[in-house]
Amino acid sequence: MEFNGDFFNLPESYLFAEVADAVSGYEVLHPDKRVLKLSIGDVTLPLPPTVVGAMRSAAAETGDKKTFRGYLPYEGCGFLRESIKNYYKSMGADVSADEIFISDGAKSDLWNLPDLFKRGLTALVPDPVYPVYAESNVLKGNRVVYAAATEQNGFLPMPDYGVKAGLIYICSPNNPTGAAYTPEQLQEWVEYAIKTGAVILYDAAYESFVRDGKSARTIYSCAGAESCAVEICSLSKTAGFTGLRCGYTVVPKALKLNGVSANKLWYRLKSTCFNGVSYVVQRAAEAAFSAGGLAEIKKNTGYYMQNAKILSGALSRCGVPYWGGKNSPYIWLKCPRGTDSRGFFKELLNGAGIAGTPGAGFGAGGEGYLRLSSFSDAETALEAAERLENFYKTHPISAF
Ligand code: PLP
């Protein structure tokens with residue numbers, strides 16, 4: 001036997017371990033100083049009351065012989081698929097309930113989606129971005145090419161007809177840069193996919209943070225997207241489900257290759273590798289999409305966005321170039337010239353007691369940048385803003 005040799009083509013994931021080690025090292029040396037952890041992309045607020053109430057009722061149902069349920073449909077319960085369909089309707093997008101597949105979160109579906117397609121494909125992945133897109137393709141023996149997201153293109157790469165790729169990943173709003181496409185820009189990607197016969201995997205995990213009224217919240221606001229795009233979304237950041245686990249993937253019936261529908265094959269794949277999300281969690285997710293749940297979610301995402309405003313306000317006052325924070329819980333800031341992202345991460349940790357995430361962890365294109373997360377308490381954000389202002393007094397802005 002041999003292990004899958006593609007494991008050895010995966011990038012080493014030592015960076016995040018290095019970050020954790022540096023933070024604990026700092027805490028040992030400075031037991032009196034609180035490290036402000038703005039590195040994690042995990043929510044800090046508890047689940048909305050409507051969601052918790054729905055779980056209590058659902059848990060009671062599981063203890064009654066009349067309402068107890070065992071295995072549930074692989075694709076998810078009808079009640080939840082209907083509520084997500086209505087959510088899409090409220091965004092002006094027409095998606096039918098049988099095109100929505102309930103999952104235990106976006107990560108597993110993102111991992112499995114390349115299995116729909118013939119091995120050896122070429123995936124076009126933005127750089128920098130959430131690392132799972134590239135890594136799933138590397139481990140499945142596919143080829144990965146990158147679309148550079150740079151300051152010059154506002155971290156929003158646009159189609160290049162010179163690049164040949166079968167699978168196109170789009171993450172909007174983007175993790176880590178916070179950049180979000182407008183529906184007009186996405187329309188260009190849809191046209192590119194239709195013309196070149198490619199398939200788009202659109203990750204909308206942060207759609208509920210869009211605030212500017214201009215950026216897209218779903219790719220299905222674009223004409224023709226139903227024939228070329230799969231959309232992956234999650235309740236993790238939206239509704240605080242990072243620990244509870246629930247997401248959904250829209251696989252349109254109109255997306256066909258050689259006359260075969262992707263929807264049919266996705267059902268085949270999911271029914272083979274997945275036995276569904278628990279009843280209690282699906283009722284919790286249904287409650288998240290109710291009017292009460294949506295109002296509570298908006299309040300929670302608003303709280304994180306207020307943190308983002310506090311942090312970005314401090315950076316603006318210091319004259320530090322940054323992006324994001326407007327339609328995303330992440331702020332992407334530029335490291336001073338001559339410092340790489342790891343070096344600047346250490347400088348900020350040692351100089352201000354603030355832990356961010358080095359941009360290099362999201363791809364080569366992230367080198368020279370640092371991500372700050374607004375998933376924290378308001379007090380932490382306020383203290384971080386104050387510490388940032390003090391830090392930049394001794395770190396000249398002219399160095400950018
Ligand atoms: N997609 C993006 C862009 C993310 O940042 C994350 C998590 O950080 C995920 C997907 C995975 O989310 P989930 O918790 O639903 O697996």
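**Figure 1. Salt bridges in the predicted model.** In this predicted model, the count of salt bridges comes to 13. One of them joins Arg34 and Glu383, whose closest N and O atoms are 3.4 Å apart. Where do the two partners sit? Arg34 belongs to the loop between helix 1 (14-29) and strand 1 (36-37), while Glu383 is part of helix 12 (residues 378-393), so this pair ties together parts that are 349 residues apart in sequence. If pairs like this are new to you, here is the background: side chains of opposite charge can pair when their charged atoms come close.

**Figure 2. The chain as two domains.** Let's step back to see how the chain is divided. Domain 1 takes in residues 5-47 + 293-391, and domain 2 covers residues 49-290. Look at the numbering of domain 1: it is written as two stretches, 5-47 and 293-391. The centres of the two domains, taken over C-alpha atoms, are separated by 25 Å.

**Figure 3. Where domain 1 meets domain 2.** How many residues of each domain are in contact with the other? On the side of domain 1 there are 36, and they touch 43 residues of domain 2. Between them the domains bury about 3200 Å², with 61% of this area on carbon and sulfur atoms. Which residues of domain 1 lose the most area to domain 2? They are Leu47, Asn327 and Phe362, which together account for 24% of what that side buries.

**Figure 4. Polar and charged links across the interface.** Now we can pick out individual links between the domains. One salt bridge is found across the interface of domain 1 and domain 2. Lys334 and Glu151 form a salt bridge in which the closest N and O atoms are 2.9 Å apart. Between the two domains, 17 residue pairs are in polar contact. Which elements supply at least two residues each to the side of domain 1 that touches domain 2? They are helix 10 (291-318), strand 11 (322-324), strand 12 (330-334) and strand 15 (369-373). The largest share, nine residues, comes from helix 10. Sorted by class, this side of domain 1 has 17 nonpolar, 12 polar and seven charged residues.

**Figure 5. The residues around the ligand.** There are 15 residues around the ligand, and those that come nearest are Ala106, Asp203, Tyr206, Ser234 and Ser236. A polar side-chain atom of Asp203 is 2.6 Å from a nitrogen atom of the ligand. For Asn175, a polar side-chain atom lies 2.8 Å from a ligand oxygen atom. Lys107 takes part through its backbone: one of its backbone N or O atoms lies 3.0 Å from an oxygen atom of the ligand.

Figure 6. Most residues other than glycine have a negative phi, and most peptide bonds are trans. The bond from Ser172 to Pro173 is cis, with omega near -10 degrees, and Pro173 lies in the loop between strand 5 (167-171) and helix 6 (183-196). Another cis bond joins Asn175 and Pro176, where omega is about 20 degrees. Pro176, too, is in the loop between strand 5 and helix 6. You can find Arg245 in the loop between helix 7 (236-239) and strand 8 (247-250).

Conventions:
Residues numbered from 1 in each chain as written. Predicted model: local features only at pLDDT ≥ 70, side-chain atom pairs only at ≥ 80, totals over all residues. Heavy atoms only, no water. Domains from an automatic or database assignment. Contact = heavy atoms within 4.5 Å. Buried area = accessible area lost by both parts, 1.4 Å probe. Salt bridge = Lys/Arg side-chain N within 4 Å of Asp/Glu carboxyl O. Polar contact = N/O pair within 3.5 Å; in protein donor to acceptor, adjacent residues only side chain to side chain. Helix = DSSP H or I, 4+ residues; strand = E, 2+ residues; numbered from the N terminus. Nonpolar A, V, L, I, M, F, W, Y, C, P; charged D, E, K, R; others polar. Near = heavy atom within 4 Å.
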